[in-house]
Amino acid sequence: MIAIRTLLTLTLLLGVGYPLAVTGLAQLMFPWQANGSQLTNGNQQLIGSALLAQKFDRAEYFHSRPSASDFATIGGSASNLGMGSPLRREFAEAQGNVQSPTMLTRSASGLDPHLPVEAVLAQVERVAKQRGLDPALLTEQVKSRVQAGILGPQVVNILQLNLQLDKDA
């Protein structure tokens, strides 16, 4: 009987009480993050999360790394494009034959929206040409969006950068 009472008590405490407390604190202290870091457009329509990459393949956008899961959160995984991979050549050609190693390696989850600054700057010429922008001004805009990397290089959130470019257009 003591074992059953202990099981029920611990189930209520750790299976119900603790998750509710953590969720409540997260909602109070970090509501934007707790709700998925959702990004909306001018019409308040949900267009993505600041924490998940999206596929940008048109030339007027900065491109994220390729994703093994085509940016679907189900089955996200890490992998790199091999030197002889047709996908590597296709991706490099879409970048204007920029051979940035960072652009050709995938993030740990395959869903990271951030790229190191040098990988973003390598795309400035293509994006500026497609959008009719001055490359120097676009470079400054990229540099203004740099975030400090936690353990690695400084990074830029590609999704937020592309959204800002669309908003400014």
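How do the axes of helix H5 and helix H6 cross, and within how many Å do they come? I opened the notebook with this point and answer it below, after the overall plan.

**Entry 1: basis.** I worked from a predicted model, in which local features need pLDDT of at least 70 and side-chain atom pairs count only at pLDDT 80 or more, while totals for chains, interfaces and linings use all residues. Residues are numbered from 1 along each chain as its sequence is written, and side-chain values use heavy atoms, with hydrogens and water left out.

**Entry 2: overall plan.** I found 7 helices and 5 strands in the chain; these are DSSP runs (helices H or I, at least four residues; strands E, at least two) numbered from the N terminus. Along the sequence I read the pattern α-α-β-β-α-β-α-α-α-β-β-α. Of the 169 residues, 33% count as buried, that is, under 20% relative accessible area with a 1.4 Å probe, protein chains only.

**Entry 3: H5 and H6.** I looked up helix H5 (residues 124-131) and helix H6 (residues 135-144), whose axes come within 9 Å and cross at roughly 120°. Axes are lines fitted to C-alpha atoms, for helices over the stretch in contact, and angles run from 0 to 180 degrees between N-to-C directions. H5 and H6 are therefore oblique to each other, the class left after under 35 degrees (roughly parallel), over 145 (roughly antiparallel) and 65 to 115 (roughly perpendicular). In H5, Val124, Glu125, Val127 and Ala128 meet Pro135, Leu138, Thr139 and Val142 of H6, where contact means heavy atoms within 4.5 Å. I noted that the residues of this contact divide into 6 nonpolar, 1 polar and 1 charged.

Entry 4: I then turned to strand S1 (residues 38-40) and strand S2 (residues 46-49), which run antiparallel and are joined by 3 bridges; two strands pair if DSSP finds at least two bridges between them. Gln38 stands opposite Ser49 in S2. The two strands form a hairpin with 5 residues between them, and Gln44 in the turn has a positive phi of about 60°.

**Entry 5: the open sheet.** I traced 3 strands in an open sheet, in the order S3-S5-S4, with antiparallel pairing. Strand S3 (114-116) and strand S4 (146-147) stand at the edges, each with a single partner strand, so one side of each has no neighbour in the sheet. S4 pairs with strand S5 (residues 155-157) over 2 bridges, and Val155 in S5 is the bridge partner of Gln147. Helix H7 (residues 158-168) lies across S3, S4 and S5, at about 55° to S5.

Methods: Nonpolar A, V, L, I, M, F, W, Y, C, P; charged D, E, K, R; others polar. Buried < 20%, exposed > 50% of the residue type's maximum accessible area, 1.4 Å probe, protein only.
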